[in-house]
Amino acid sequence: MSLIGPVGRKRPRARIALAMLYLVICAGAITTLYPFGLMISTGLKGPTDQSDSHLIPKYLVDNDELQSKYDQDKYAGDAFLVASSKVGSNASSSDIEKYRSFLMQLPPAYWEAGFKNAPSQVTGKLQNRYHVWLRQRYRSVDALNRVYVEENVGFQTVGVPAELFDRKEWKPTPGPKWTEWLEFKATLPADYRIPVRTQWLWQKFLAAKFKNQFNALPSGYGGKASRFEELDVPLPAIVHMDPTLLPLYLGEFQNWEPARFLASSVEGQWMLFNRSTDPISMPVAAFDKLHVQTNSGAIRREFAGRNYGYVLDYILLNGRAVWNTLLFCFLAIVTQLTVNPLAAYALSRYPVKQSGKILIFLLATMAFPAEVAMIPSFLLLKDLGLLNTFAALVLPGAASGYMIFLLKGFFDSLPQELFEAGSLDGAKETTMMTRIALPMCRPVFGYLALLAFMGAYGSFIYAFLVAQDQRVWTLMVWIYQLQASGAPSAVVMAALTLAAIPTLLVFLCAQGVIMRGIVLPGER
């Protein structure tokens, strides 16, 4: 029965009061849903934008933000390389197509693969493509380990070989992995290829020599540039005309530059490809911009799903965590729906003088946080030899003071005539419990089963304390390990979002059970 009758609802004061009440409820719902929405949104982001508080990632609606995010991703978060690559932005479409063809025929030693993981990343576009290629080449990770002489636990853990072509002393590690990496590298499209330009090497050299202090450059070195990333490579004629550049460029820089670029630079090969004797800037920026414009949808989808794909791979790599979590939840539900109804039924059907004190004692356990009992439980389980077992996870939570109190009140509210009729018919106590009391408690059992599931599924600290063996770890413990391993917050939020889906689905599908379990005992 509603508190305000149909007639009273028509009054202006009642309508205003109801409107205010609904506004407060809606505001409370928004404050509850906003953190969850922000968690989902952060899972769609990356290292460059994971710290902002925008509910909708900017790159999904802003093309400039998408371009910036793409550049950061392609050049592995290297701000110097990103700024240095902003050359040739005004190139024509024909020049861009020539540049695409040039990249596809450029020798592998003159370009590095783009989209590698930045220092703050755990997954990337190149790594995912490389792992797909390895799965097609090898039937199992064991076969890969035998060839590469490595100890990978899955294809997801195979690292991308390093490429440091800009360092003079660097040499790749010979072996099957590098040989097959070159085969894979040859399959990469043009947008994955980053040419090692002499201009970029010259900029890096000067930045290192003058300790990133652009104002320390002698007059005449910088030209019209305002920072190192805008410097041009001096032409040979200028070098010989300017006595200050001669020893620096022909001496120190060429001793610092890798030998392959002295014999044939990328810029020189670009001039030969264009059949020109005049230096022509490579349309790097224009090529990247055109690629983003023509593939914006696919790029946005890849950015949005990258973290979630990595988390799913991580869960599959530790697939036992899913099985452990399901088994733990099942055992928790079974034990709690077995122990608590038996205790509550005994207190209800066979009351003693101390029943009130027993209930107060059971309810007193709710006055203390669960963390208070963790250390005593750990020591007890250690003495019993139950650590690192499912018994250690399930048994300490088998009895619940709240569940016993709730069920006893429900059993007390049942009509005693039913039990008296059963006794007259000669029914045993176990028969009356299983045929009369328990069937009438199904709504409450459904509610308590949900509580048991939520408690077991979300258990983390206690599960990690009593089961430190990885073979017994649950999903929440593995998510904690993901965070502890240095995963960025965007990946952690994606993991938490996926972990919240089962509880959300259970809640949405069992709202009626929850309401009956809460309301029915009060109506009784």
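Author: A residue counts as buried when its relative accessible area is under 20%, as exposed when that area is over 50%, and as partly exposed in between, using a 1.4 Å probe and protein chains only. This is a predicted model, in which local features need pLDDT of at least 70 and side-chain atom pairs count only at pLDDT 80 or more, while totals for chains, interfaces and linings use all residues. Residues are numbered from 1 along each chain as its sequence is written, and side-chain values use heavy atoms, with hydrogens and water left out.

Reader: Is Glu-97 buried, partly exposed or exposed?

Author: Glu-97 has a relative accessible area of 40%. The class in between runs from the buried limit of 20% to the exposed limit of 50%, so Glu-97 is partly exposed.

Reader: Which side chain does Glu-97 meet in a salt bridge?

Author: A salt bridge needs a side-chain nitrogen of Lys or Arg within 4 Å of a carboxyl oxygen of Asp or Glu. The N to O distance is 3.7 Å, and the partner is Arg-100.

Reader: How many residues apart in sequence are the parts that Glu-180 and Arg-137 tie together?

Author: The side chains of Glu-180 and Arg-137 meet in a salt bridge with 3.3 Å from N to O. Glu-180 lies in helix 7 and Arg-137 in helix 5, so the parts tied together by this pair are separated in sequence by a number of residues, namely 43.

Reader: How many salt bridges does the count come to?

Author: Side chains of opposite charge can pair when their charged atoms come close. Among the bridges is the one between Glu-163 and Lys-116, at 3.1 Å from N to O, and Asp-73, Glu-302 and Arg-306 are linked in a network of them. By the distance rule, the count of salt bridges comes to 18.

Reader: How many aromatic pairs does a search of the whole structure find?

Author: Rings of Phe, Tyr and Trp (its six-membered ring) pair if their centres lie within 6.5 Å, and planes under 30 degrees apart count as stacked, over 60 as edge-to-face and the rest as tilted. Applied to the whole structure, the search finds a number of aromatic pairs that comes to 30.

Reader: How are the rings of Phe-165 and Trp-170 classed?

Author: Phe-165 and Trp-170 are both buried. Their ring centres are 5.5 Å apart and their planes stand at 85 degrees, so the pair is edge-to-face.

Reader: What class does the pair of Phe-205 and Trp-256 fall into?

Author: Phe-205 is buried, with a relative accessible area of 7%, whereas Trp-256, at 30%, is partly exposed. The centres of the two rings are 5.7 Å apart and the planes are at 50 degrees, so the pair is tilted.

Reader: Over which ring does the charged end of Lys-185 sit?

Author: A charge sits over a ring if NZ of Lys or CZ of Arg is within 6 Å of the ring centre and within 35 degrees of the ring normal. The charged end of Lys-185 is 4.4 Å from the centre of the ring in question, which belongs to Trp-111.

Reader: How many disulfides does the structure hold?

Author: A disulfide is counted when a pair of cysteine sulfur atoms lies within 2.5 Å. Cys-26 is partly exposed at 46% relative accessible area, and Cys-441 is buried at 0%. The number of disulfides in the structure is 0.

Technical notes: Helices (H or I, at least four residues) and strands (E, at least two) are DSSP runs, numbered from the N terminus.
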